[in-house]
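Let's read a protein model together, one feature at a time. Please have a look at the sequence and the 3D view.

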Amino acid sequence: MPAIVPVTDPADPRIDAYRDIRERDLVGRDGLFVAEGRVVLAMLIASTAFRPQSLLIAAHRLDALGDLIAPLAEDVPVFVAAQAVMDGIAGFPLHRGILAIGRKIETPDVDALLASLDGDGDVLLLSAIGNHDNIGGIFRNAAAFGARAILLDADCCDPLYRKAIRVSVGATLLVPFARLARSEDPIALLERHSFVPIALSPSGGTTLANTPAERRNAVLLGSEGPGLAPALLARTTGVRIPMAPGFDSLNVATTSGIVLHHLASHRPTG
């Protein structure tokens, strides 16, 4: 059983990692991240790629979480505080009353991650997506449609940002991901591991409905507005999702769900 540690003072140095987490989340977390809510906490505890460092629980939630936190190791403290104290620590009202500090155990590079993926399936390659809501939404869709992994270029925001984890409903702790170095050639990496790249763009030469699903597909998605870089588009099959006349803007997270559903529904079998 983990150690239950009462906290009565928001200034207690033992819970420094939780103090003013909104601001701390924006300036870097020394490889750590904040998980919030019961569903996300359950994924963190069950994960083999991540490990909880500590928990901070509102006192009135502790009994209901007994079975969930029972498997935690003895060296993972569970700090327990009254709701008002917890709000004072975080710097804003925490209605869920459940926080945890986690860290990533496994940090494979892109080549190693792709090499670990056997059999059929899809991956996503994200380019310059800086909106945490979109990152969270993409991870949620990837989990829903069984995507094998997500690759992020150097200009994407962190999937372990607190809001991204929350929007993904914990999927950023479930779907394996790795970050490309600026010097890496993403198309060469994908092709070396037999993934066929499909680049989503309003200017794509073929529609999604007419795009065949291969056994191993790589869905390339760029930021809303600029989209994918011309250099990437020039080396891939450009695919578009037809929309109403005069409108060609579709949220990138929504796009990911539509494309992954199409590929999952049309993948060759046998």
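This is a predicted model: local features need pLDDT of at least 70, side-chain atom pairs count only at pLDDT 80 or more; totals for chains, interfaces and linings use all residues.

Q: How many helices and strands does the chain have?
A: Helices (H or I, at least four residues) and strands (E, at least two) are DSSP runs, numbered from the N terminus. Here the chain has ten helices and twelve strands. Its radius of gyration, taken over C-alpha atoms, is 21 Å, close to the 18 Å from the globule rule (2.2 Å times the number of residues to the power 0.38) for 270 residues, so the chain is as compact as a globular protein of that length.

Q: What share of the residues is buried?
A: Buried means under 20% relative accessible area, with a 1.4 Å probe and protein chains only. In this chain, 49% of the 270 residues are buried.

Q: In what order do the strands of the open sheet lie?
A: Two strands pair if DSSP finds at least two bridges between them. Seven strands form this open sheet with parallel pairing, in the order β8-β7-β6-β11-β9-β12-β10. Its edge strands, β8 (177–179) and β10 (206–207), each pair on one side only.

Q: Which residue stands opposite G121?
A: Strands β6 (residues 121–127) and β11 (residues 216–222) run parallel, joined by seven bridges. Opposite G121 stands R216 in β11.

How values were computed: Residues are numbered from 1 along each chain as its sequence is written. Side-chain values use heavy atoms; hydrogens and water are left out. Buried means under 20% relative accessible area, exposed over 50%, partly exposed in between (1.4 Å probe, protein chains only).
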